[in-house]
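Here's a quick briefing to read with the model open beside you.

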Amino acid sequence: MSPSRRSSLPPTTDSRRPAGVAAAALTRVATFVLLIAAGVVALLFALRLTAASLGWAFSPFGYLGIPADHGSRAWLLAGVVVALAVLVWLVLRHGEETLWLRGAAGGVLVPAAALARLVEDAACLHPEVVCAAAELRVRDGAPGGTVRVYGRPLADPARLAAEVEPAVRERLARVLGVAPARLVVRPRILTVPQLKRYLP
């Protein structure tokens, strides 16, 4: 992909996100709170059901100050359901990491998955690479992560990593205008019987 074909997107990046796009930290916090809340609710109901199956009158809800009448409990349960629904929406709505690329006419959000495919294509240009798999994250406005390259039999893994890494970094820097934050190439040399599983 030559620079002349990207004239509408100059190779400059901006870590600022457009309006309506949540930060990655919000997604992590929402996921953490959702998991904790779901675990607590499941534990409380498990305790109540276990006590009921043994014929005991024990209920953990009484120790939490939850009203005993059914109307109050119904309203409380409705509030919990709404809160959990909001958390689920936050997780699903902003779960994918993106990089904001500023252009002459505004900008565009590039998913980390698209950047991973770009990295995999760049790694596969090496004649000793059979295939590649990249896992990228966006940190402080720059991509980074791990690239697993699967080399042909008898290839030198150290030389393969040393040659693929600068090529992948150069490709990302040329497209995005910023060097990767941290990019690690992990080579794996295939045996002859393994080749058929990895060949495209």
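Leu154 counts as exposed, because its relative accessibility is 86% (exposed is over 50%, buried under 20% and partly exposed in between, using a 1.4 Å probe and protein chains only). You'll find Leu154 in the loop between S5 and H4, and its phi is near 70°, a positive value in a residue other than glycine. Keep in mind that this is a predicted model: local features need pLDDT of at least 70, side-chain atom pairs count only at pLDDT 80 or more, and totals for chains, interfaces and linings use all residues. Residues are numbered from 1 along each chain as its sequence is written, and side-chain values use heavy atoms, with hydrogens and water left out.

**The sheet**
- Three strands make an open sheet with mixed pairing, in the order S4-S5-S6 (strands are DSSP runs of E, at least two residues, and helices are runs of H or I, at least four, numbered from the N terminus).
- S4 (129–139) and S6 (183–189) are the edge strands, each with a single partner, so one side of each has no neighbour in the sheet.
- On average, neighbouring strands here are turned by 15° against each other, direction ignored.

**How S5 and S6 pair**
- S5 (residues 142–151) pairs with S6 in the parallel sense over seven bridges (two strands pair if DSSP finds at least two bridges between them).
- Val149 has Pro187 in S6 as its bridge partner.

**The helices**
- H4 (residues 157–176) packs on the sheet and touches S4, S5 and S6 (contact means heavy atoms within 4.5 Å).
- The direction of H4 makes about 140° with that of S6 (axes are lines fitted to C-alpha atoms, for helices over the stretch in contact, and angles run from 0 to 180 degrees between N-to-C directions).
- H3 (residues 112–123) lies across S4 and S5, at about 145° to S4.
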